[in-house]
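Student: Could you walk me through this one before I set anything up with it?
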Amino acid sequence: MLSLWGAGLVRGLGAMPPAWQWGSHGRPLALARAAGALGAVGWRARAPREPRGRAFGLSAAKVVSAAPRPLQPYLRLMRLDKPIGTWLLYLPCTWSIGLAAEPGCFPDWYMLSLFATGAVLMRGAGCTINDMWDRDFDKKVTRTANRPIAAGDISTFQSLVFLGGQLTLALCVLLCLNYYSIALGAASLVLVITYPLMKRVTYWPQLALGLTFNWGALLGWSAVRGSCDLSVCLPLYFAGVMWTLVYDTIYAHQDKRDDALIGLRSTALLFREDTKYWLGGFSVAMLGALSLVGASCAQTPPYYAALLAVAAHLAHQIRTLDIHSPADCWDKFSSNRTVGIILFLGIILGNLWKEKTDKAKENEDGRIKINN
């Protein structure tokens, strides 16, 4: 899906250290260290954190390392070993698909699977593009020198061919949707093209990222219903953008010293010590928009209980955040996967709480007769 296409594309260029490679990536940390500016802010402190909480010891990094050796550079190029970026790209799509379900019914599992596939492909394509653009920077930086393109494991031509394959598969996913959704996905290309420049010209690249990265909040609804209900989709999209501003600003604080040294900009550098006030404002705006979404969809108590849980999670993030600790910023940033999942579960339970409509009952009866 072009929206997932776009979003993954940019997010690959985007704001998630070990998870994605945008926003502050490709920054010459070696230069920062040489200047004595990094100290304990170095990235390596964050690297082990993602695999640490994997259940049963099965991490994405271990899966990639167990793959055939010739495939491993390509899997690392698309960051399959670091899936947090894919989660944060995918979750707004699940919200939209869940809200679009018929009252009393589960979300469309086919659409959830389709968007999940698109999220993986487009996040991977975005990381490939990022590494192609930043290969000269990456060679000079200790933490990025072993990336496949920078290390010479994959040539620029090979990465271009690989990118073409990823985009072709993503286009196939997009073409499984209705015509309205195909056009809506194509509309995100403007954001996809312009986002990579934002960190060079504005202190608000996180806003540009949010506009791009939450396009799935529009696309998911249209994929299920055939068009967008603006009373639902617009506040949901706005809520997603506010959410991105929260977690991506937290993320940006990990690299603020390097950004300042090499001339990149971010909300972390703009907000500085006032960051928590801004994050609180973004969180309130997000929750207000989600409340409006609930009213527009006639949501039920489980949905609003989920909103309370999300509010508590965000409040804890902001209250305990240490913007001067890269490790703590990474923990808070990555915990936003939990925020997205809580909201998705609230949407599902809130929808199941509703009484089934006549249309939903007819569809279910039809499925039962077919199965019999």
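Predicted model: local features only at pLDDT ≥ 70, side-chain atom pairs only at ≥ 80, totals over all residues.

Student: OK, how many helices and strands does the chain have?
Tutor: The chain has 21 helices and 0 strands, where helices (H or I, at least four residues) and strands (E, at least two) are DSSP runs numbered from the N terminus.

Student: And what share of the residues is buried?
Tutor: Buried residues account for 56% of the 372 in the chain; buried means under 20% relative accessible area, exposed over 50%, and partly exposed in between, with a 1.4 Å probe and protein chains only.

Student: Which residues of α9 are buried?
Tutor: In α9 they are S159, L163, Q166, L167, A170, V173 and L174. Seen down the axis of α9, these buried residues fall within an arc of 105°, so they line one face of the helix; the arc is that of the directions from the helix axis to the C-beta atoms.

Student: Switching topic, how many salt bridges are there?
Tutor: The structure holds 2 salt bridges, each being a side-chain nitrogen of Lys or Arg within 4 Å of a carboxyl oxygen of Asp or Glu. In one of them, the side chains of R76 and D153 meet at 3.5 Å, N to O. Because R76 lies in helix α5 (residues 72-77) and D153 in the loop between α8 (135-138) and α9, this pair ties together parts that are 77 residues apart in sequence.

Student: What about D328, which residue does it pair with?
Tutor: D328 pairs with K332, and their closest N and O atoms are 2.6 Å apart. Both lie in helix α19 (residues 326-334), 4 residues apart, which is about one turn of the helix.

Student: Is D328 buried or exposed?
Tutor: D328 is buried, with a relative accessible area of 18%, and K332 also counts as buried, at 9%.

Student: Last one, which residues make the nonpolar surface patch?
Tutor: F106, W109, L349 and L352 make a patch of about 420 Å². Patches are made of residues with over 30% relative accessible area and no salt bridge, like charges being joined within 9 Å and nonpolar side chains (Val, Leu, Ile, Met, Phe, Trp, Tyr) within 5 Å, and accessible areas come from the Shrake-Rupley method with a 1.4 Å probe, where for residues only the protein chains shown count as cover. L349 itself sits in helix α20 (residues 336-353) and is partly exposed, at 49% relative accessible area.

Technical notes
Residues numbered from 1 in each chain as written. Heavy atoms only, no water.
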